Amino acid sequence: MQDAQTLNSYDSTTRWLHWGSALFIVMLFGLGLGIDWVPRGEPKIMVRSVHIALGALLALLLVYRVLWRRRFGVQLDPVHEGRQATAVQFFHVLLYVIMVAMVSSGIVAVWFRGVNMFDLFTIAPFDPSNKPMRRLLVNIHEIIAYVLMGLAGLHALFALWHHYRLKDRVMQRMWPSLLQR
Ligand code: HEM
Ligand code: HEM
C-alpha cells in the first residue's frame, strides 16, 4: 500500500480524518461553552441539540478513524529516535484516549440528564431526582474538554515548532492534500 509518494505523508483519508476531527472538536468546545451563555428555553435547547448532534457525528468519525488508522492507514516512521519517538507515540495515543473519554462522557451525560432534541423528540433522564449526579457528570465532561483542548493546543504548538523553527517535513506529512507541495 505504501508507495514512494505516500511514504512521505499520511494517506488522504488519515489527513481528512485528522483535520475533520480537529474542526469538530473546536466547534463542539465553542458550542459546549455556549450552552451556558444563551437564554433558557428555545435558544438553549437548539444550541444543546446542535452540540449533541455534532458530538454524535464526532463519535462515529472517531470509531472510523481508529479502525482506519489500525487497519488501512499509512504508518510512517517516527520523526524522532529512541525515547523521544516513544514520547511522541505516547502523546498521540493519549490524544485518542482523551477523545474517546470526551465522547463517552458526553453520551453518559445525555443518558443521565435526558435531553429535548430540537423540540422534536426527547431522551428521558435516567434519574430525574438525582440533580447532584447530573451536575457531576456534566462537570466531568467539561473538565475532560479542557484537558483535550490543552493537550491539542500543545500538540499544535509542537507541530508549528517543527514547521517554523526546525523547518522539517512533519507538518507536510499531515498537510491537507489540497495544500500539499
Ligand atoms: C470533542 C467533543 C466535545 C467537546 C469538546 C464538548 C464540550 C462540552 C462543554 C465545554 C460543555 C459545557 C459544560 C458546562 O458548561 O458545564 C459541554 C456540555 C455538554 N455536552 Fe459536550 N462536548 C463534546 C462532545 C459531546 C458529545 C459526543 C455529547 C453527547 C453525544 C455531548 C453532550 C453534552 C451535554 C449533554 C452537555 C451538557 C449540556 C448542558 O449543560 O445542558 N458532548 N460539552
Ligand atoms: C483537536 C485537535 C487535534 C487532535 C485531537 C489531533 C490529534 C492528532 C493525532 C492523534 C495524530 C497522530 C496521527 C493520527 O493518528 O491521526 C496527529 C498528528 C499530527 N497532527 Fe494533530 N491533532 C489536532 C490538531 C492539530 C493541529 C491544530 C495541528 C497543526 C497546527 C496538528 C498537526 C499535526 C501533525 C503535523 C501531525 C503529524 C505528526 C507526525 O507525523 O508525527 N494537529 N494529530
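Which residues of α4 are buried? They're Leu 137, His 141 and Ala 145, where buried means 20 or more other C-beta atoms, placed from the backbone, within 10 Å of the residue's own. Helices here are DSSP runs of H or I, at least four residues, numbered from the N terminus.

Quick housekeeping. This is a predicted model, so local features need pLDDT of at least 70 and side-chain atom pairs count only at pLDDT 80 or more, while totals for chains, interfaces and linings use all residues. Residues are numbered from 1 along each chain as its sequence is written, and chains are lettered from A and ligands numbered from 1 in the order in which they are written.

Okay, back to α4. Among what covers its buried residues are α1 and α3, with contact meaning C-beta atoms, placed from the backbone, within 7 Å. On length, α4 has 36 residues, which at 1.5 Å a residue should span 52 Å, and the end C-alpha atoms sit 51 Å apart, so the two agree. That expected span is 1.5 Å times one less than the number of residues. Just after the helix, Lys 167 has a positive phi of about 50 degrees.

Now the ligands. Ligand 2 has 20 residues around it, and Ala 22, Ala 152, Ala 156, Ala 159 and Met 174 come nearest; a residue is near if its C-beta atom, placed from the backbone, lies within 6 Å. Two or more residues each come from α1 (12–37), α3 (82–113), α4 (131–166) and α5 (170–174). The top contributor is α4, with 5 residues.

Ligand 1 is surrounded by 25 residues, and Leu 28, Gly 32, Gly 55, Gly 106 and Glu 142 are the closest.

Methods. A residue is buried if 20 or more other C-beta atoms lie within 10 Å of its own, exposed if 12 or fewer, and partly exposed in between; C-beta atoms are placed from the backbone. Two residues are in contact if their C-beta atoms, placed from the backbone, lie within 7 Å.
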